[in-house]
Amino acid sequence: MVSTAGFAAVFYSEPAVLGLLANVISAFLLCLQNFATAHTGLKPQGAEDVLAGVHLILIGGFVQLLAGFLAFRKYDHLGGAAFLTFSALWSSYGTTRIISAAYPPMQNITLSSGNASQLLSSTMTHLSTSQSAVAGLVAYISISFILSFCSATVNYIMPFIFGAIALALVFEAVALFGQWALIVSGVIELVIVLCGLYGAMALLLKGITQRYILPGFGHPLFNVLLLGSAQKSSSKAIGEEKKKNTKYAEPMALGNICDTVSPFIFAFYFFGYMKTFCVGAAWISIISSCQLLSSFYSYLRGDVYYTTKFGAHSLFWLVMSWEEFVLTTFLEPGKAQESRLGMFGGWFFLVVACMLFLMSTHKDTLEMLQNASFIILTSAFIHQIPLSGAYPFLGAACSLCTALSMYATFASLINSIGEKALIPIGKQAMSSSALQTTLMAAKIRFTRSKNLPSGTKAEVPDALFYICNGLAAVSAIQGTLSDPSRQQLSIPSVLIPGAIVQLYVCRIQVQGGRRFGCVLPFCYAAFWGAWTWLRFAGHLMNIGAGNSEGFTAGAIAFLVLNAFLMILASSFNVVLLCMTLAVELLTICFLLFTLENLPLPFEIVILCIFGIICFYGATASLANSMFGKDLMMMGPSLFTAESSKKNTEEPPPCICPKSHCTSGLRTIADLLNTGAVCGVPTDTVYALAASCRHPQAIEKVYRIKDRPQEKPICIFISNLDQLRAAAPPISPLLWEFMENVYPGGVGCIIKKGEWLKKLGVGEGYSRVGTQDSIMIRVPDLTVLVHLIDMTGPLAITSANPSGEVDSTHHDMVISRLGHKLEGVLCDGESDEVVASTVVNCTRIDESGITILREGCIPASKVMQIFERVKNRAV
């Protein structure tokens, strides 16, 4: 049964108020500090810097993070990406302040006792905080200018706020080397404060009154459609969704922003502008966490490709940044180079990059170029490449990735706002069918020769689960047990994917309701965490094979636990079973290590086999989940737990035919034509339908829903030609507006008249609409349009008891109202989680239109359409 949980976009009011106020307070704090420093000549330090950093993290970071969450749920592409980006910015800047206060310039950093003295090199004299901050600030300056330009297509307040943030960052960066820039930065930050307060007030009043009181929103500086025209040839490349998904905003722009900032900071480092990577690791860690959020929202949208891509990219940036942090902070790079030659985690990233490139061949050219740059980047990070010439090559690869990601950020934002391919992104290199045929070819040859079934049970997050475990396994390969430098360098590449990011995989498995699916990543996260603790960090904490009795007991316990996981995995597919079997062998290796009796070549072989299994599992899961087919073989389950009981489910309380069957449509149409009330799918949420020819059926709708009599019911027609045949007294402007919003999730309220009877409303004339007006909708759903053609106009209202959430699945309609209905047309999950947007058009020629209810179509989008139509009419 589908859960009724979840909120529609309209329920979130105006999260931009929270985001703008977070920017206002953060900018005001920096403004006060800049003016104070310029006046006294004393820079903030110690407790003052720490307090400033904490405030920036809590207000600019966490508060704006909440605003970004709500903006994504409100289907606000620009707001979601901007607020999460600035949340990362202020959090990173605040972290820099704290690090700067803890380790002021030219202060020697030493530790004095025990093995802890190995953690920091005595040759490292100071943290290059200023240089590291410049790298991050310059990256965010570029992103802020892009966000400012894109926001000009939405309203004319945000461009000034985001543009002022970009300029403030410019002078904040300059001020790190010259105090004269503090005054300029402070003045610009005052502009942020003033514009931000005005914007927050305007949106707050709009949220309270449901109309714009103060100017600045609702009308953009220029129409986004002026940036280009739709490219029909690339329409398929914009997205792989079979139907429009407006439950959450598109996270591609946020993911591309993260792929801009991280390589930009790395490029600064590899070109020699940064001496250590302490602050750089902090900045990259924060923006990479935002990239995990873009992966999460891709998962919520059911987009397996971007879920995997952004998750893998975030994993890459986290691992590489913390590896460089360990190298530059705890070790001497020259002495550690020999140890790095024995590390193989970079090879797994390379094959994952190649896999993503293969899967993107049916997408647009820009996406393929991004994946090609990622292949170059992962190749440059392979540790077996000699250091001579490696750093310039890495810097060039990071620069290429930054440039492509910056363009992709701009394109994805503009194309999302305009809902058209306004910015060129290229055509598909290969059709989806051709890619599917290519992936299926190997399976067909194998199954023909072996005659094996090819069942899978791949789900959306499975590919990321295999990637995390495969990377941890390949990175855990050690050619010797007596190289502490290699062990220390291996900590990030095993701990981050194996334990930390795998907990994120566990989270999205829980989100999907897969009870067994979340057990595996949780257990294996604990396994890799224990592996890292003992094998790689043990020498730092005086823990070794000789004094690890607790780990011995834990290994034995995990052997028993994993045996049960193997039994459960055997009911899924062969790949998962092989993976759990390999983990069992790795646990034996772990146990033998604690007993000081480990054959190292055996462990290396098992880790290699485990990595190969995980790579194949990731590729097959991604391909099968992307296309919803068994394209790559994962093997059948060894046994299926079939219930011995007969099907004892109770029959549905009403007739429930399937929507894809013609007989099902005829059944519901016959019921409606005899005066019945039925549940039907629409292009938004499920609805109750009654024939307009049967007023008693419309009255029954009120009783079924407990709907107040003063609330009118709208009517649905199949096309505008029906309305033209009725010849209503509609102005040319209204005709043009309706032609632009129909079919779709917008309902237009127009003046009522006798023409409704010509439309086929008949005896239900007095039961629909109000005395003077009626709302008419033309749905964008083939099933419902065919049904209306069979029945004539239908009286429609949402299929939920009054005051409760809308029904987004036919199971919800059946369970809540099925006992009161004669039938429910079953069409699975609805396209939306919220009803249509209602527009009052009764005075369109005199005073324009009024948004009475914002639904699945954003009010700004409706107003944009109206302004375009009105300007064209003039």
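Figure 1. The model shown here is predicted: local features need pLDDT of at least 70 and side-chain atom pairs count only at pLDDT 80 or more, whereas totals for chains, interfaces and linings use all residues. Residues are numbered from 1 along each chain as its sequence is written, and side-chain values use heavy atoms, with hydrogens and water left out. E596 lies in the loop between helices α19 and α20 (600–627). Helices (H or I, at least four residues) and strands (E, at least two) are DSSP runs, numbered from the N terminus. The phi angle of E596 is near 60°, a positive value in a residue other than glycine. Most residues other than glycine have a negative phi.

**Figure 2. T594 in helix α19.** T594 is found in α19, which covers residues 574–594. With 5% relative accessibility, T594 counts as buried. Its side chain makes a polar contact of 3.0 Å with the side chain of T552. A polar contact is a pair of N or O atoms within 3.5 Å; within protein, one atom must be able to donate a hydrogen and the other to accept it, and residues adjacent in sequence count only if both atoms are side-chain atoms. Leaving aside residues up to four places away in sequence, T594 touches L534, A545, S548, F551 and T552, where contact means heavy atoms within 4.5 Å.

Figure 3. Y75 is placed in the loop between α2 (47–73) and α3. Its phi is near 65°, a positive value in a residue other than glycine, and at 8% relative accessibility Y75 counts as buried. At the start of α3, a side-chain oxygen of D76 comes to within 3.4 Å of the backbone nitrogen of L78. Helix α3 spans residues 77–102, 26 residues in total, and reaches 38 Å from its first C-alpha to its last, close to the 38 Å expected at 1.5 Å a residue. The expected span of a helix is 1.5 Å times one less than its number of residues. Helix α3 is mostly covered, with 23 of its 26 residues buried.

Figure 4. Two strands count as paired if DSSP finds at least two bridges between them.

**Figure 5. Strand β5 and its partners.** Strand β5 (residues 773–777) runs antiparallel to β4 (residues 746–751), to which 4 bridges join it. Across this pair, C748 stands opposite I776, and the bridge partner of I750 is I774. Strand β3 (residues 714–716) runs parallel to β5 and is joined to it by 2 bridges; here I715 has I776 as its bridge partner. In a regular strand the side chains alternate between the two faces of the sheet. In β5 both faces are covered: S773, M775 and R777 on one side, and I774 and I776 on the other, are all buried. Because 5 of the 5 residues of β5 are buried, this strand is largely enclosed by the rest of the structure.

Figure 6. Y742 and P743 are joined by a cis peptide bond, with omega about -10°. P743 lies in the loop between α24 (732–741) and β4. Most peptide bonds are trans.

Figure 7. A search of the whole structure finds 0 disulfides, a disulfide being a pair of cysteine sulfur atoms within 2.5 Å. For C654, the closest cysteine sulfur is 3.9 Å away, in C656, which is too far for a bond. For C401, the closest is that of C398, 7.1 Å away and likewise too far for a bond. C654 counts as buried at 10% relative accessibility, and C401 counts as buried at 5%.

Conventions. Buried means under 20% relative accessible area, exposed over 50%, partly exposed in between (1.4 Å probe, protein chains only).
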